[in-house]
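Here is a short note to read beside the model. It takes the pockets in turn and then the sheet.

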Amino acid sequence: MVVIAVNGAAGRMGRTVIETAADHECEVVVGFDVDGPDEIGGVPVVDAGDAADALAEHDPDVVIDFTIPEATLALADACVEVGVAMVVGTTGFDDDELAELDAASGSVPLLKATNFSRGIQALLRSVRATVGALAGYDLELLETHHDGKVDAPSGTANTILETVQEQRDVEPVYGREGHAPREEDEIGVFARRGGDVRGEHELVLAGNDEVVSLSHRAEDRAVFAAGALDAAAWLAGKPAGRYEFGEVVDEA
Ligand code: NAD
């Protein structure tokens with residue numbers, strides 16, 4: 001059993017991690033949040049401000065974090081202080097915040113992914129191959145998420161964009177309005193929000209006589225929780241450093 005703590009325990013993802021941990025040979029011993037109940041699924045939830053003390057008391061192998069960037073960075077301080085590994089699923093970091101998080105990986109093992117589904121890992125590989133093979137095709141990237149999502153475009157859309165940019169020099173155009181003719185070296189990026197959509201991503205490659213579409217739809221948050229829990233089990237006991245979810249998938 002890998003012993004886990006969950007930051008953002010009362011959130012959509014935090015609750016799913018707690019509900020599904022036992023299916024992945026993980027035991028959640030404590031949760032942190034700034035809101036919500038004191039206990040979820042039998043797991044005590046304490047104020048995130050007390051995370052360092054609670055980490056020292058419960059001694060988890062890994063903390064899984066699905067919160068907001070400022071909460072992740074506060075948790076990183078506590079993890080560095082106590083010496084606990086981190087799996088970070090939170091998205092929406094700016095460059096300064098990413099650098100701060102990266103600094104923590106000098107002291108503790110840290111694995112961050114904008115998407116913990118294995119399907120998205122496979123999609124990224126397809127993106128590399130397809131964009132490389134279809135030079136000159138027009139590229140458009142679309143994503144849809146539930147109405148509670150705060151960052152846009154999604155972290156996964158940004159990862160797909162970066163993967164495209166490894167193959168082709170394209171500039172993102174976020175939405176279009178008014179007189180907005182398409183340039184050859186651009187990729188349109190569109191974020192739709194509504195309902196409880198778990199996460200949909202589509203990369204369209206349009207040539208003159210054909211259209212290729214690479215898409216992924218998450219149907220349950222359990223898919224992200226499974227990846228994060230598997231990543232935690234994989235990360236436990238590793239030396240300090242920065243790790244990628246692709247390494248977990250490759251070794252599975
Ligand atoms: P949510 O809003 O349902 O949950 C976030 C939780 O964080 C809330 O319970 C909130 O009270 C808590 N929180 C806020 N400030 C905090 C603090 N200072 N300390 C501790 N907890 C705090 O959001 P969600 O849908 O669970 O998503 C959370 C994050 O995870 C988002 O950034 C989202 O994009 C990301 N996400 C990533 C993946 C992935 O596979 N990497 C999958 C789904 C969601």
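How do the residues of the lining of the second largest pocket divide into nonpolar, polar and charged?

1. Lining of the second largest pocket. It divides into six nonpolar, eleven polar and nine charged residues. Here Ala, Val, Leu, Ile, Met, Phe, Trp, Tyr, Cys and Pro count as nonpolar, Asp, Glu, Lys and Arg as charged, and the others, Gly among them, as polar.

2. Basis. This is a predicted model, where local features need pLDDT of at least 70, side-chain atom pairs count only at pLDDT 80 or more, and totals for chains, interfaces and linings use all residues. Residues are numbered from 1 along each chain as its sequence is written, and side-chain values use heavy atoms, with hydrogens and water left out.

3. Second largest pocket, position. Its space is about 650 Å³. A pocket is an open set of points on a 1 Å grid over the protein atoms alone, where a 1.4 Å probe fits, with protein on both sides within 12 Å along at least five of seven lines; lining residues have an atom within 4 Å of a point. A volume is the space filled by probe spheres set on the points, which are joined across faces, edges and corners. The lining has 26 residues, and Lys-112, Thr-114, Gly-155, Thr-159 and Glu-162 lie nearest the centre. α6 gives the most, seven residues. Domain 1 (2-116 + 221-251) and domain 2 (118-217) each supply at least three residues; the bounds come from an automatic or database domain assignment.

4. Largest pocket. Its volume is about 990 Å³. Of its 43 lining residues, Met-13, Phe-66, Thr-67, Ile-68 and Thr-90 are the closest to the centre. α3 gives the most, with six residues. By class, the lining has 17 nonpolar, 19 polar and seven charged residues.

5. Sheet. Eight strands form an open sheet with mixed pairing, in the order β3-β4-β2-β1-β5-β6-β7-β13. β3 (39-40) and β13 (241-243) are the edge strands. Strands (E, at least two residues) and helices (H or I, at least four) are DSSP runs, numbered from the N terminus; two strands pair if DSSP finds at least two bridges between them. β1 (residues 2-7) and β5 (residues 62-65) pair in the parallel sense over four bridges. Val-6 has Ile-64 as its bridge partner in β5.

6. Helix packing. α3 touches β1, β2, β5 and β6 (85-88), with contact meaning heavy atoms within 4.5 Å. The direction of α3 makes about 165° with that of β6. Axes are lines fitted to C-alpha atoms, for helices over the stretch in contact, and angles run from 0 to 180 degrees between N-to-C directions.
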